[in-house]
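Work through the exercises below with the sequence and the structure open. Try each task before reading its solution.

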Protein chains: 2
Amino acid sequence: MSLQDAHNISLQCGACPIRHRAVCARCETDELALLEEIKYYRSFEAGQTVTWAGDKMDFVASVVSGIATLTQTMEDGRTQMVGLLLPSDFVGRPGRETAAYNVIATTDLLMCCFRKRPFEEMMVRTPHVAQRLLEMTLDELDAAREWMLLLGRKTAREKIASLVAIIARRDASLKLRSPQGRMVFDLPLTREAMADYLGLTLETVSRQISALKRDGVIELQGKRHVTIPDFDLLLTEAGDDNDGGYLI
Amino acid sequence: MSLQDAHNISLQCGACPIRHRAVCARCETDELALLEEIKYYRSFEAGQTVTWAGDKMDFVASVVSGIATLTQTMEDGRTQMVGLLLPSDFVGRPGRETAAYNVIATTDLLMCCFRKRPFEEMMVRTPHVAQRLLEMTLDELDAAREWMLLLGRKTAREKIASLVAIIARRDASLKLRSPQGRMVFDLPLTREAMADYLGLTLETVSRQISALKRDGVIELQGKRHVTIPDFDLLLTEAGDDNDGGYLI
DNA sequence: GCCTGCTTTTGATTTGGGTCAAGGTTCTGT
DNA sequence: ACAGAACCTTGACCCAAATCAAAAGCAGGC
């Protein structure tokens, strides 16, 4: 199944821009009509900036294809990625005027956008959508807090294993499988992007990937294509005690 | 003004358990009555656990007095604090069955609780409350992501300066002041708790506090009582480029 | 083919913060 | 007032990851 299909599934009922993990039985016809009305598409090239932190952002959106990152920066250039947007992910802050982070397309990116004002109006009128949005935000908060544990307490090797596990899990969910046993997928990030996500340098990322390869935890074909022979082994390396459903 | 007073202000309209930074013009009389009905108080002793991650949690709550922490742990005992609850802060996950983190009282703690079921019912009926809850969750998400930058990219000295600045800011807001110039307050955390929050060891925390004291960035009376001679200097040490309204 | 400009890997060296250890302070209960 | 227990500070040493440096892989354009 393609990423485009995954997006279609996530927008299942055709009405709600919000990701649905299960079938959505909530949306009503007029909501559908309203959303279709305010919907439009925007595409970005790899490397292009979607928004800068502090800029006005007059839309919310759902990623259709491609990958974008949310990053924080300090004046001296140190950067920390705080979120990764994959197809079917939602981005935007209903009720907020401005963007809080830099949003940057790391591949060619297609987004399904909704103008914010009418979207917010719809939210007020349809509590189920607002509730779903709250759930999604709570999910993101859980993910962010799990990531805080990684950034604060995990070793470089554990960080890499965690990231690979998260991407594997995410990839499996796009394929409607549960993550287990042998898994094959592509890393959607450069070494530098991984470093920004994990609070490491790209050299350390490269070294630890080599080490995990040497130790048989992962296999690499080329630089991006990964095979995981044993997902449980990877989880052990990641130091995860829970099933970590939250992240990304 | 006492902490109790701060709580009263945060619950200003007397109806909504949700923290209001400005005057709340939203709540209607029946919501008030409903909330009063489902409201009860719980107190915990210092060190007592409010909930463990994964446990059933059938209430949401607002901190009246005292301090609690949200922590994540790994099996081997490494812990990372992911949130700090001060008076007027809200805790709980409407729509979720279980707690996601360990919530531990670090001082004697009084919480104003609401049974979750009726609270959720009210949320569905009153979109303003749901919207306010979404705003709060977005605030928490912003804070978590700002914290990710700290954990991933800041030096030990910057981390300490950031934490002190955040506590100063928070203390000022309880006193209805804006943080600036000379400030005096108490650190509500032990060195160990600070270490857990910052992803450091308690020895490093102690050393860096000593260093900031030696360099005149902070002054200490005893172990807890802090004077900041120049708030802007502290912010510079923290490496903050924004005004950091989010954190805690 | 063969430049040119990435991205990635690997090596050598340095360093910030962790670890281990020993005292010092402050608080609490008797 | 005193004992014991937390909590905090400081020192010595070590190590994981950063930094500095160089070379290798790889992709696109001519």
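Two residues are in contact when heavy atoms of theirs lie within 4.5 Å. The model is predicted, so local features need pLDDT of at least 70 and side-chain atom pairs count only at pLDDT 80 or more, while totals for chains, interfaces and linings use all residues. Residues are numbered from 1 along each chain as its sequence is written, chains are lettered from A and ligands numbered from 1 in the order in which they are written, and side-chain values use heavy atoms, with hydrogens and water left out.

**Exercise 1. The two copies**

Find how chain B is superposed on chain A, and explain why the copies meet through the same surface.

Step 1. Superposition is by least squares on the C-alpha atoms of residues with pLDDT of at least 70 in both copies.

**Exercise 2. The nonpolar cores**

Which residues touch the most other members of the largest nonpolar core?

Step 1. A nonpolar core is a set of buried Ala, Val, Leu, Ile, Met, Phe, Trp, Tyr and Cys residues joined through side-chain atoms within 4.5 Å. Buried means under 20% relative accessible area, exposed over 50%, and partly exposed in between, with a 1.4 Å probe and protein chains only.

Step 2. The largest core has 122 residues, and A:M111 and B:M111 touch the most other members. Another core, of 30 residues, lies apart from it and includes A:I38 and B:F90.

Step 3. Leaving out residues up to four places away in sequence, B:M111 touches, among others, B:Y40, B:F44, B:F59 and B:V91.

Step 4. In soluble globular proteins, nonpolar side chains tend to be buried together.

**Exercise 3. A serine in a helix**

Is B:S162 buried or exposed?

Step 1. Helices (H or I, at least four residues) and strands (E, at least two) are DSSP runs, numbered from the N terminus. B:S162 is in helix α5 of chain B, residues 156-174.

Step 2. The relative accessible area of B:S162 is 3%, so B:S162 is buried.

Step 3. Beyond four places in sequence, B:S162 touches B:L150, B:K154, B:A238 and B:D240.

**Exercise 4. DNA strand D**

How many residues surround DNA strand D, and which are the closest?

Step 1. A residue is near a strand if one of its heavy atoms lies within 4 Å of it. By this rule 18 residues surround DNA strand D, the closest being A:A156, A:T204, B:R191, B:S206 and B:S210. Sugar and phosphate make up 67% of the atoms of DNA strand D within 4 Å of the protein.

Step 2. A polar contact is a pair of N or O atoms within 3.5 Å; within protein, one must be able to donate a hydrogen and the other to accept it, and residues adjacent in sequence count only if both atoms are side-chain atoms. A side-chain N or O atom of B:R207 is 3.0 Å from a base nitrogen of DNA strand D.

Step 3. The largest share of the surface near DNA strand D, five residues, comes from α7(B).

**Exercise 5. DNA strand C**

Which element gives the largest share of the surface near DNA strand C?

Step 1. That share, five residues, comes from α7(A).

Step 2. A polar side-chain atom of A:R207 lies 2.9 Å from a base nitrogen of DNA strand C, and a polar backbone atom of B:A156 is 2.8 Å from a phosphate oxygen of DNA strand C.
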